[in-house]
Amino acid sequence: MSNLPYNPAGLKILLVDDVAENIRVLTEALRPDGYQLALAQSGERAIKVAEHFKPDLILLDIMMPGIDGFEVCRILKQKPEFKDVAIIFLTAMSDIDDVIKGFDAGAKDYMTKPFNEREVRIRIQTHLQLRYALQEQARLNEDKNKLLGMVAHDLRNPVGVIKGYMELLLDAQYEADELEGIHNKIFNVANEALLLINDLVDMSAIEN
């Protein structure tokens, strides 16, 4: 997994399954990649661990005693902090109605039991890459908005200067050499404003 755009070491994954053997298999498959792992063997426990652990991704069994995986998913997805956390259902069921029910509850994907170690790792990698990409997009969008705000602020100064010189020209009479000096100043300030506008155009091109 060395080609990932992020370092998997330290990323948090919550494993939820009431069968200890399934937890063991998942743990052995994921631990070599350096993920931080937390475990839960019931729906109630999964909710408590998730709220404390703040996972980047959750592998969630569907059929569990007490609160099943569907309900756990619905409860977590109602919380703002889990809105963008990928939940992958672990199920022995392959009925399309159950799959659709899982997606309706807020899951991003599902895997059927028994697990294939390579499939588990690849699916997790895919969803973590997507989460990373969305976070990067949000960060870049924030940087873009800050830059646009700075440019808009900087545009006020040259536009204000041009307006001031134009008011002078309307309110007073000037000799030819004075008019030339004012014209030159307006020209220079207009060029400064044009450069800022070009920056805005370049930013729009980059965004597109």
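Colleague: Where is Tyr110 placed?
Modeller: Tyr110 is in strand E5, residues 109-112. Strands (E, at least two residues) and helices (H or I, at least four) are DSSP runs, numbered from the N terminus. This is a predicted model, where local features need pLDDT of at least 70 and side-chain atom pairs count only at pLDDT 80 or more, while totals for chains, interfaces and linings use all residues. Residues are numbered from 1 along each chain as its sequence is written, and side-chain values use heavy atoms, leaving out hydrogens and water.

Colleague: Why does Tyr110 count as partly exposed?
Modeller: Buried means under 20% relative accessible area, exposed over 50%, and partly exposed is in between (1.4 Å probe, protein chains only). Tyr110 comes out at 30% relative accessibility, so it's partly exposed.

Colleague: Which residues is Tyr110 in contact with, leaving aside its neighbours within four places in sequence?
Modeller: Contact means heavy atoms within 4.5 Å. On that basis, Tyr110 touches Ile88, Phe89, Thr91, Val99, Phe103 and Arg123. Take Val99: it's 11 residues from Tyr110 along the chain, and their C-alpha atoms are separated by 7.5 Å.

Colleague: What makes Asp84 count as exposed?
Modeller: Asp84 has 55% relative accessibility, so it passes the exposed cut-off. Asp84 sits in the loop between H3 and strand E4 (86-91). Between Asp84 and Leu134 there are 9.0 Å in space, C-alpha to C-alpha, and they are 50 residues apart in sequence.

Colleague: And Asp33, why is that one called buried?
Modeller: Its relative accessible area is 12%, so Asp33 falls on the buried side of the cut-off. You'll find Asp33 in the loop between H1 and strand E2 (36-40).

Colleague: What does the side chain of Asp33 make a polar contact with?
Modeller: With the side chain of Arg121, at 2.6 Å. A polar contact is a pair of N or O atoms within 3.5 Å; within protein, one must be able to donate a hydrogen and the other to accept it, and residues adjacent in sequence count only if both atoms are side-chain atoms.

Colleague: How do you know that the buried residues of H1 line one face of the helix?
Modeller: In H1 (residues 20-30), the buried ones are Asn22, Ile23, Leu26, Thr27, Ala29 and Leu30. Seen down the axis, they fall within an arc of 165 degrees, so they line one face. That arc is taken from the directions from the helix axis to the C-beta atoms. Over on the other side of H1, Ala20 and Glu28 are exposed.

Colleague: What makes H2 roughly parallel to H3?
Modeller: H2 (residues 43-53) and H3 (residues 69-77) pack at about 25 degrees, with axes 9 Å apart. Angles under 35 degrees count as roughly parallel, over 145 as roughly antiparallel, 65 to 115 as roughly perpendicular and the rest as oblique. So H2 and H3 are roughly parallel. Their contact is made by Gly43, Ala46, Ile47 and Ala50 of H2 and Val72, Ile75 and Leu76 of H3. Axes are lines fitted to C-alpha atoms, for helices over the stretch in contact, with angles from 0 to 180 degrees between N-to-C directions.

Colleague: Why are H3 and H4 called roughly parallel?
Modeller: The axes of H3 and H4 (residues 96-105) come within 8 Å and cross at roughly 20 degrees. That angle makes H3 roughly parallel to H4. Here Phe70, Cys73, Arg74 and Lys77 of H3 meet Asp98, Lys101, Gly102 and Ala105 of H4.
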